[in-house]
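Subject: Handing over a structure

Hello,

Please find below the structure that I promised to pass on to you. Once you have had a first look at it, read on for my notes on what was found.

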Amino acid sequence: MANNIDIGIRAVCEFLGAASTPDRIQAGCNSENYLVLKDHEFEPAVSHLAANKFVLISLFCIEGFSDRAAHSLFYVFERRNGILVLVNDVNETTSSVASIFPSASWFERECRDGFGIEFDGAFDTRRLFLHESYPENFHPLKKSFKNAPLITKETINPVDEYQFRTVTGEGVYQVPVGPVHAGIIEPGHFRFSVIGEIIFNLEIRMFYKHRGIEKLSEGKSPHDCIRIAEAVSGDESVANATAFCLAVERISGISIPERAWYLRTIMLELERICSHLGDLAGMLVDVAFPLGASQFSVLREECFRQCDCQTGSRFQRGIICIGGLEKDIPGGTINDLLLFIRQLRKRCRIGLKIVLSTTSVIDRFATTGVIPGTLLRPLNITGPVARASGGKVDVRLDHPYGIYEKYVPKRQRLQDGDVLSRFTIKASEIMDSLDLIEQLIADIPAGDIQSEAQVQDGFALSLVESARGQNLCFVWIKDGAIERYKVRTASFCNWLAIEHAVQGNIIPDFPVINKSMNLSYAGTDL
Amino acid sequence: MNVDFILYIAINTLVVLAIAPLFVSMIKKVKAWTQGRSGPSVFQTYASLRKLLTKEVIYSPSSSRIMRITPLITIASILVAALFVPLIFVPEPVGGIGNIILFLYLLALARFFMALAGLDAGSSFGGMGSSREMSISAIIEPTTIIVFAALAFVFKTLNIFDMVSRMAPGLPAAPTLILISISLFIILIVETSRIPIDNPETHLELTMIHEGMILEQSGRNLALMELAAAVKLTVLMGLLINLIVPLGLATSLTLIGILIAVILFVIKGSILAGIIAIFESSMAKKRFFQLPSLFAMAFFFSTLIIIIEVFS
């Protein structure tokens, strides 16, 4: 791993001059590196990192972190196994990096809404999560704003209405879809510009269910904040809770018992299986093949029930805690899981055999919704979506946490980037997770499941691979309470990929493309 | 018009209205079984229609008179078309009733108004549904004409009444019947918007064709539209059944004869409903632009029948 950190340090040396660097780089608690930049260093640093194929995986703002300025912007870069965080202290304005790192566009708009920071030269200055009905100059993440009920605008001036990209031309017309959809799904608006049935352009608008999670967590004790982390996105409960606990444990130097890590890993993989099974079923529903879909829906439901048996919660909530687990899972119950896993694998294979031998299904999946591999880095697309487009990204392999160093998952990778690749990748990952769980159950040691947890002040960044991809979590604890909790789920970045994936496809194929990417609305809108 | 024919009108219309919801439910039931579910009761469609009939009708403020008259025109033209296909009893044909070309265009009339109503409310989904329906019907129409032309060649008549009562000389051979049934089955699937053309059970507005057009309908009007769709399904099923297996069809008006005919029709219809359900379960919906390949199959088989009939 030391070798890989060098990539970051080497890059930093190159743009700062070798002499000044080593002492300026500050190692974080979780093997990430921080570098506080001076004003004039920011732009050369960013363009240097862009040239060296660093990926901007997150950008968030913290108020009151440094004495030098009101706000500190944390630019989190990743390259292979290295994480480099550039800290840029700003007061009210800074320059935008969105034209260098396209993934920064949403990040910057998010910081602008939350903290009122202006990004000079940004190509998109529309509001992001604060829709038109919120008052002007309202920035909820500022410390000066106290969490309280808010009076929103009753009427919206037509001038202030959200401006969608205008697409004009002969025969181009707009199809607005949502935010209220048929079926039980979350709200999101899709603005299609189509020529006949062919999608010419798609613009998405999210953030219809802002819950103020980041504000809510401020001032909470780390222990209470786990429940908030679990609520970020329902079917990523374990991943987000693990990411949060991991950050807190690293800050405080708590090492958790081995058995707890085994159980956590089993839960993480179970969560992945549930999510992927739901995706397989959903994709088949969307091409109207209920015979295949119902098999996977049934398996998913049984998987949820198994989770309930294991942990007392269908979404495995309320069990992960700082320092390990709230309660142990007895050996007998784990043996039941083993039997279930073996049965699940068999039935999953049967289902896949039926689906993959149905030509009409393959015909609908193949070549539909292609995400080109060239988009992965600029937009920071992660998870199965990236792996189906030839991406080599998996947090479990790139930044192993817990016992993933010992139990290395297979690196799944396909090149085509269409719905069929995503279906196949998810099916393979289910099989891998089943194998992994079986192996973990065989090797699970006895012992404690919770170690003494004395939470200390500090900050740390953690990465966890959820079913949807790379989930990032930043925690800053001050005086024993959460001062800043920032989550960036995989969906936040992956959403933008759908605008590219649907281009040139036909409107009736949109639902299956959308489902194949399985994006979380709640995980995007905190 | 004789008494027999007036009785025929009453009996045929009553039977089709009574049986149509049952066949719709049966397809759903068998589809549920293939998925390992128990599915809704076979009487569920009756209950849903009754519920819709008692609900209020809501019109979009941007809709015109088209929206208001469409449900009536649709059910009316479908019910008239239902008269063209004797389900249980074949009287002497009167006037143009039973003419296969007229039958075809009665279905087209209903579809035309449905498409207009889809556009009328100005919602994007209705417009998409209408545009798709019109594209499909433009492609399927030549195929339908060829299929019906093949029927006319085989049975040597243009009248459905004469076809089912086998009045014309020279009964068709079994291989011809098989080819006809394949063509008619495809027409049935297309006309009633089922998988692989359209998915009648979908909630995804973006993929809808038939459901998209009636998305803005509500209450009583929706009930009429749903009933019209069910009647259309039953009539086309009846056409297929009575052309291929006219067994049990009453030719004279006796109570016993009618009862036996009704029972036999329900049995034959249930079997066909099961076949439709299994056919639907065995495949996914086709990509929109690949639909013509399915129509081409019906076109091919019908052309084959015509060639056989002409040269044999």
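How many helices and strands does chain A have? Chain A has 17 helices and 15 strands, where helices (H or I, at least four residues) and strands (E, at least two) are DSSP runs, numbered from the N terminus. Please keep in mind that this is a predicted model, in which local features need pLDDT of at least 70 and side-chain atom pairs count only at pLDDT 80 or more, while totals for chains, interfaces and linings use all residues. Residues are numbered from 1 along each chain as its sequence is written, and chains are lettered from A and ligands numbered from 1 in the order in which they are written.

Let me begin with chain A as a whole. The radius of gyration of chain A is 23 Å, which agrees with the value near 24 Å that a compact globule of 526 residues would have; this radius is taken over C-alpha atoms, and the globule rule is 2.2 Å times the number of residues to the power 0.38. Along the principal axes, the C-alpha atoms of chain A fill a box of roughly 70 × 60 × 50 Å. Of its 526 residues, 48% are buried, a residue being buried if 20 or more other C-beta atoms, placed from the backbone, lie within 10 Å of its own. The domain assignment, which is automatic or from a database, divides chain A into domain 1 (2-120), domain 2 (163-205) and domain 3 (233-487), and the C-alpha centres of domain 1 and domain 2 of chain A lie 35 Å apart.

One sheet of chain A deserves a careful look. It is an open sheet of three strands in the order β13-β14-β15, with antiparallel pairing, where two strands pair if DSSP finds at least two bridges between them. Because β13 (458-466) and β15 (481-488) of chain A stand at the edges with a single partner strand each, one side of each is left without a neighbour in the sheet. From one strand to the next, the twist averages 15°. β13(A) and β14(A) (residues 469-478) are joined in the antiparallel sense by nine bridges, and A:G458 has A:I477 in β14(A) as its bridge partner.

Two helices accompany this sheet. Helix α6 (residues 237-252) of chain A lies across β13, β14 and β15 of chain A and runs at about 150° to β13(A), with axes being lines fitted to C-alpha atoms, for helices over the stretch in contact, and angles running from 0 to 180 degrees between N-to-C directions. Helix α15 (residues 490-501) of chain A packs on the sheet as well, touching β13, β14 and β15 of chain A, and its direction makes about 140° with that of β14(A).

What does each chain bring to the contact between chain A and chain B? Chain A gives 23 residues and chain B gives 24 residues, two residues being in contact if their C-beta atoms, placed from the backbone, lie within 7 Å. On the side of chain A that touches chain B, the largest share, four residues, comes from α10(A).

Chain B, finally, has eleven helices and zero strands. Its radius of gyration is 19 Å, close to the 20 Å that the globule rule gives for 312 residues, so chain B is as compact as a globular protein of that length.

Best wishes

Terms used
A residue is buried if 20 or more other C-beta atoms lie within 10 Å of its own, exposed if 12 or fewer, and partly exposed in between; C-beta atoms are placed from the backbone.
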